[in-house]
Amino acid sequence: MARVVATVGFVGLLRPAPGTWGSLVALPLAWLAMQGGPILFTALTALILPVGWWATTVTTRGQADHDPGEVVIDEVLGQWIALLPLAWGASNAGVGVERLWPGWIAAFVLFRLFDIWKPGPVGWMDRRSDAGGVMLDDAVAGLMAAVCVVVLAGLAHAGMALR
């Protein structure tokens, strides 16, 4: 069961770029979870951290590599954190989350950028060399992406107001 969770139903076995596949599969899963509203989506996002930490710990036990490419539950966590502003924004605006499609694209691209680049705190978490580092570097990358999504949405809306 831990391997199924860690690989997100074996999506992590897809090649090339299993992390990108994990982030891509996170999108329709997020859309489904968002149908229950932003509170449910936030709760499920928070739940991924301990469940993913457990699955990663069990899956990597005894392996030299603490962060094998097949483990992509961390990508789902980070991608969902990056998408949190969309869940709340859509709810506050009274529209379906799919209406915020530019935000979906920005969240995906920005999360992948920060996850691959590993700037500052993302890299610090990644250097933990344990299951916590596997999960937390993507959580921080997702948080950085979420902040950028909010800033970009603010700029877009300010630009529309000036028209």
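Reader: Which residues form a nonpolar patch on the surface?

Author: The model is a predicted one. In it, the nonpolar patch on the surface is formed by Met-1, Val-4, Phe-10, Leu-13, Leu-47, Val-51, Trp-54 and Val-58. Together these residues have about 710 Å² of accessible area.

Reader: Which helix gives the largest share of the nonpolar patch?

Author: Helix H3, residues 38-60, gives the largest share, with four residues. Leu-13, also a member of the patch, is placed in the loop between helix H1 (2-6) and helix H2 (18-34).

Reader: Why does Leu-13 count as partly exposed?

Author: The reading rests on relative accessible area: under 20% is buried, over 50% is exposed, and partly exposed lies in between. Leu-13 counts as partly exposed because its relative accessibility is 37%.

Reader: Where in H4 does a kink lie?

Author: The kink, of about 40 degrees, lies at Leu-83, shortly before the proline Pro-85. Just after H4, Gly-94 takes a positive phi of about 70 degrees.

Reader: Is H4 mostly covered or mostly uncovered, and how many of its residues are buried?

Author: H4 is mostly covered, with 15 of its 21 residues buried.

Reader: What is the reach of helix H5, and how many residues has it?

Author: Helix H5 spans residues 101-117, which makes 17 residues, and reaches 24 Å from its first C-alpha to its last. That reach is close to the 24 Å expected at 1.5 Å a residue. H5 is followed by Lys-118, whose phi is positive, near 55 degrees.

Reader: How many salt bridges does the count come to?

Author: A salt bridge is read from a distance: a side-chain nitrogen of Lys or Arg lies within 4 Å of a carboxyl oxygen of Asp or Glu. By this rule the count is six.

Reader: Which side chain meets that of Arg-112 in a salt bridge of 3.9 Å, N to O?

Author: Glu-75 is that partner of Arg-112. The pair links distant parts of the chain, with Arg-112 in helix H5 and Glu-75 in helix H4, 37 residues apart.

Reader: Why do Arg-112 and Glu-75 count as buried?

Author: Arg-112 counts as buried because its relative accessibility is 10%. Glu-75 is buried because its relative accessible area is 6%.

Reader: How far apart are the closest N and O atoms of Arg-112 and Asp-115?

Author: In the salt bridge of Arg-112 with Asp-115, those atoms are 2.7 Å apart. Both residues lie in helix H5, three residues apart, about one turn of the helix.

Reader: Which side chain meets that of Asp-130 in a salt bridge?

Author: Arg-128 meets Asp-130, at 3.0 Å, N to O. Asp-130 is partly exposed, with a relative accessible area of 29%. Arg-128 counts as partly exposed at 38% relative accessibility.

How values were computed:
Residues numbered from 1 in each chain as written. Predicted model: local features only at pLDDT ≥ 70, side-chain atom pairs only at ≥ 80, totals over all residues. Heavy atoms only, no water. Patch = residues over 30% accessible without salt bridge, like charges linked within 9 Å, V, L, I, M, F, W, Y side chains within 5 Å. Areas by Shrake-Rupley, 256 points an atom, 1.4 Å probe, with all protein chains shown as cover. Helix = DSSP H or I, 4+ residues; strand = E, 2+ residues; numbered from the N terminus. Buried < 20%, exposed > 50% of the residue type's maximum accessible area, 1.4 Å probe, protein only. Bend = angle between axes of the 7 residues up to and from the residue. Expected span 1.5 Å × (residues − 1).
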